[in-house]
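Colleague: I would like to learn how to read the inside of a protein model. Could you take me through one?

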Amino acid sequence: MTPMLISPAQAVTAIVASCIGLVLLAITASPAIAVVNQQLAVLHKKTFHDKLAKQIATMATTLGCLFFTAIATGAVHIAIQNPELFQGPFRLPLMASLGAVTFSFALLMAYTLLWKSMRQSKSLHMLIGLFAAISMLFALFLCYGLAGSMLREGHVIPAGAGTMEIFAAIYTISPSSPTWPVFIQSLLGGFGASGMLTQCYLILRRNRDDFGRDYYKFAVPSAAKWALMPTLMQLAPAAWLFFMLQPVLGTPAADNITMWCWLTAAVMPLAAAAFWIRVMRSETPLRHKASMTIAVPLAIIGAAAQLLAVTYQLGL
């Protein structure tokens with residue numbers, strides 16, 4: 001049954017989970033954004049794109065080191081508390097997912113750490129970044145497919161199934177499965193989160209990485225664009241998910257907290273987008289630190305609201 005009010009514990013849990021989720025998605029999308037900027041630097045012969053790419057990759061690697069350690073610790077804790085996960089039919093897909101995450105992060109680290117030493121081999125360096133980006137997205141798909149399979153009610157892997165049968169049972173996802181809109185929204189949301197966090201990273205590193213006023217006049221609006229467009233685009237798969245999970249649309253919003261959560265999930269990204277547009281249109285974007293900062297909690301609240309809505313509708 002859908003609760004009439006959200007408890008403080010539920011709100012805090014959703015906000016913390018959304019913070020972690022947005023950072024992880026930003027890490028996943030950042031290599032792709034960095035490679036695109038590197039390619040633009042070559043095409044337009046502008047060093048600003050290359051500098052921005054390096055800062056984005058460095059940000060993702062720094063955050064990745066922190067979160068990869070946390071994920072590894074969490075995986076060990078889960079293995080101790082729930083050893084059956086590493087013994088049952090989900091063992092191979094789970095190990096494959098963890099292996100894909102480890103491999104993609106190793107590529108990201110190599111891509112970032114080899115930036116200076118491979119300055120004369122830009123094509124090869126971009127290739128490493130491209131592999132990192134692709135492996136990140138593949139790891140995300142493996143994780144989402146596995147999570148969707150484990151949460152799917154009545155989903156049973158046949159006893160004695162072989163390796164290929166196990167993977168086929170888990171990753172054969174129906175077109176009507178909520179996994180698809182969630183995965184697409186996460187991809188777009190990851191690009192938006194990367195742009196959002198890049199703006200904050202540029203502010204924090206302004207004094208240490210002082211590349212001049214012209215650079216920040218370029219880099220900050222560029223990061224805002226990466227935040228703006230994917231964030232607006234992710235509202236489409238969010239609407240897809242909403243209608244997929246909402247069998248009855250006649251329930252008055254005032255009587256259903258889930259509807260209020262969905263409304264909040266739609267409005268908060270739009271509010272954040274308004275701040276990013278302000279940054280993009282400014283001749284002095286660094287003076288809009290407040291706009292860049294305020295957009296972050298708005299995005300987090302939007303993600304937390306959708307998480308609560310989906311949790312209620314799925315009865316989790």
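Modeller: Leaving out residues up to four places away in sequence, Y111 touches A34, V35, Q38, A57, H125, I128 and G129. Contact here means heavy atoms within 4.5 Å. This is a predicted model, where local features need pLDDT of at least 70, side-chain atom pairs count only at pLDDT 80 or more, and totals for chains, interfaces and linings use all residues. Residues are numbered from 1 along each chain as its sequence is written, and side-chain values use heavy atoms, with hydrogens and water left out.

Colleague: Which residues have the most contacts inside the largest nonpolar core?

Modeller: The general idea is brief. In soluble globular proteins, nonpolar side chains tend to be buried together. A nonpolar core is a set of buried Ala, Val, Leu, Ile, Met, Phe, Trp, Tyr and Cys residues joined through side-chain atoms within 4.5 Å. Buried means under 20% relative accessible area, with a 1.4 Å probe and protein chains only. Here the largest core holds 53 residues, and I27, L108, Y111, M196, L197, L202 and W276 have the most contacts inside it. Helix α1 gives this core its largest share, nine residues. Another core lies apart from it, with 13 residues, including A14, F242, M259 and A304.

Colleague: What counts as a helix?

Modeller: A DSSP run of H or I, at least four residues, numbered from the N terminus. Take α7, with 21 residues. From first C-alpha to last it reaches 31 Å, close to the 30 Å expected at 1.5 Å a residue. That expected span is 1.5 Å times one less than the number of residues. Among the buried residues of α7 are Y215, Y216, P221 and L228.

Colleague: Now the gaps. Which residues line the largest cavity?

Modeller: Rolling a probe the size of a water molecule over the atoms shows where empty space is left. On a 1 Å grid over the protein atoms alone, a cavity is a set of points where a 1.4 Å probe fits but cannot get out; a pocket is an open set with protein on both sides within 12 Å along at least five of seven lines; lining residues have an atom within 4 Å of a point. The largest cavity has about 40 Å³. Its lining is Q38, D50, W115, M118, R119, K122 and H125.

Colleague: How much space lies in the second largest pocket?

Modeller: About 300 Å³. Of its 16 lining residues, D50, K51, K54, R119 and F211 are the closest to its centre. Helix α2 gives the most to that lining, six residues.

Notes
Points joined across faces, edges and corners; volume = space filled by probe spheres on them. Helix = DSSP H or I, 4+ residues; strand = E, 2+ residues; numbered from the N terminus. Buried < 20%, exposed > 50% of the residue type's maximum accessible area, 1.4 Å probe, protein only.
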